[in-house]
Amino acid sequence: MRPKPTDHMPMAADWGRGVTRRAIRLRGSPGRVDAALEDMRHAMTCTLEHDGSVVTAVTAGFHRYTLQLCPGASEPLQALVGLPLDMPVQDLFAHGRTRQNCTHMLDLAWLAMRHAARGDAEWIYSIAIPDRVSGPMRGTLSRNGAVVQDWQVEDNTIVSPAALAGQSISGGLTRWLTTESGLPDLVIEECLVLHKGFFMVGARRFAMPEGELPEGYRKAVTGVCYGYAAERIETAVGLEGMGRDFSATPEKLLTFE
């Protein structure tokens, strides 16, 4: 069995007293979507241009990130140019595209592609997952202030809502949502956004490596994304000073301070 990255990460000193938070802003205008994401470890922007049918240009902005290598993921993101805006999610994330890109930037670009059909609308997704030392963990996703997803998760398995009960958040959820769930398209989008919020819980629960990456950690994460690719992980360095705690200050998300 492949080791987990968390096997080589110490527990964060404040775990159990905070909240995993992430905010995503999608702002449409003619031929363009400006997207932004911020959480405890990342602050990123993505500007996507389009002609109403396909992506014509994409620009990535890395403002706060994990490794010194992360900004290089702007290059593989250019492969989105020419793709249809309504490309099915299972196709967009297939053929190794996720591992070739920055996970978070690719997600942001995908959301921008979807938002292009919504015209001049501005949507803000907000995720809140309070720490839990034991028992079920609750996570909510709000859109423009209204809760649209409310999950209870225990032992990495969704307990509620009933439509998702029994699904694992550790693997296979994206495939199930996009090929088997039968859920409405927008609900699938919401679920994928909140799922990545639960993915970020580990970044609150454990102290992220700074400086040279420990050997065990390198082995556990090799190949998972652009920065951790086998051909460059030996030069990867965990950046210092990139963490932020928005537990008590959700209003500061998307200010990029």
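How many aromatic pairs does a search of the whole structure find? The search finds 5 aromatic pairs. Before looking at some of them, please note that this is a predicted model, in which local features need pLDDT of at least 70, side-chain atom pairs count only at pLDDT 80 or more, and totals for chains, interfaces and linings use all residues. Residues are numbered from 1 along each chain as its sequence is written, and side-chain values use heavy atoms, with hydrogens and water left out.

**Rings that pair**

A pair of aromatic rings is described by the distance of the centres and the angle of the planes. Rings of Phe, Tyr and Trp (its six-membered ring) pair if their centres lie within 6.5 Å; planes under 30 degrees apart count as stacked, over 60 as edge-to-face and the rest as tilted. Two of the pairs are shown here.

| Pair | Centre to centre | Angle between planes | Kind |
|---|---|---|---|
| F93 and W110 | 5.9 Å | 70° | edge-to-face |
| W123 and Y125 | 6.2 Å | 80° | edge-to-face |

F93 sits in the loop between α2 and α3 (97-100) while W110 belongs to helix α4, so their pairing ties together parts that are 17 residues apart in sequence. Helices (H or I, at least four residues) and strands (E, at least two) are DSSP runs, numbered from the N terminus.

Residues are called buried under 20% relative accessible area, exposed over 50%, and partly exposed in between (1.4 Å probe, protein chains only). W110 is buried at 7% relative accessibility. W123 is buried too, at 16%, and Y125 is buried with a relative accessible area of 1%.

**The nonpolar core**

A nonpolar core is a set of buried Ala, Val, Leu, Ile, Met, Phe, Trp, Tyr and Cys residues joined through side-chain atoms within 4.5 Å. The largest one has 72 residues, of which F62, M105, W151 and F198 touch the most other members. Helix α4 gives the largest share of this core, 8 residues. Apart from it lies another core of 5 residues, including A23, A36, L253 and L254.

Which residues is M105 in contact with, leaving aside its neighbours within four places in sequence? They are M44, T45, C46, A60, G61, F62 and L77, where contact means heavy atoms within 4.5 Å.

On a 1 Å grid over the protein atoms alone, a cavity is a set of points where a 1.4 Å probe fits but cannot get out, and a pocket is an open set with protein on both sides within 12 Å along at least five of seven lines; lining residues have an atom within 4 Å of a point. Grid points are joined across faces, edges and corners, and a volume is the space filled by probe spheres set on the points.

The second largest pocket has a volume of about 300 Å³. It is lined by 19 residues, with L85, D86, M87, R114 and D185 the closest to its centre. α2 (89-92), α4 (103-115) and α6 (185-199) each supply at least two residues of this lining, and the largest share, 4 residues, comes from α6.

The whole structure has 1 cavity of 30 Å³ or more. Its lining consists of V19, R21, M40, R204, R244, D245, F246 and S247.

**A residue in strand β1**

Finally, R27 lies in strand β1 (residues 19-29) and is partly exposed, with a relative accessible area of 38%. R27 and H115 are 88 residues apart in sequence but 8.0 Å apart in space, C-alpha to C-alpha.
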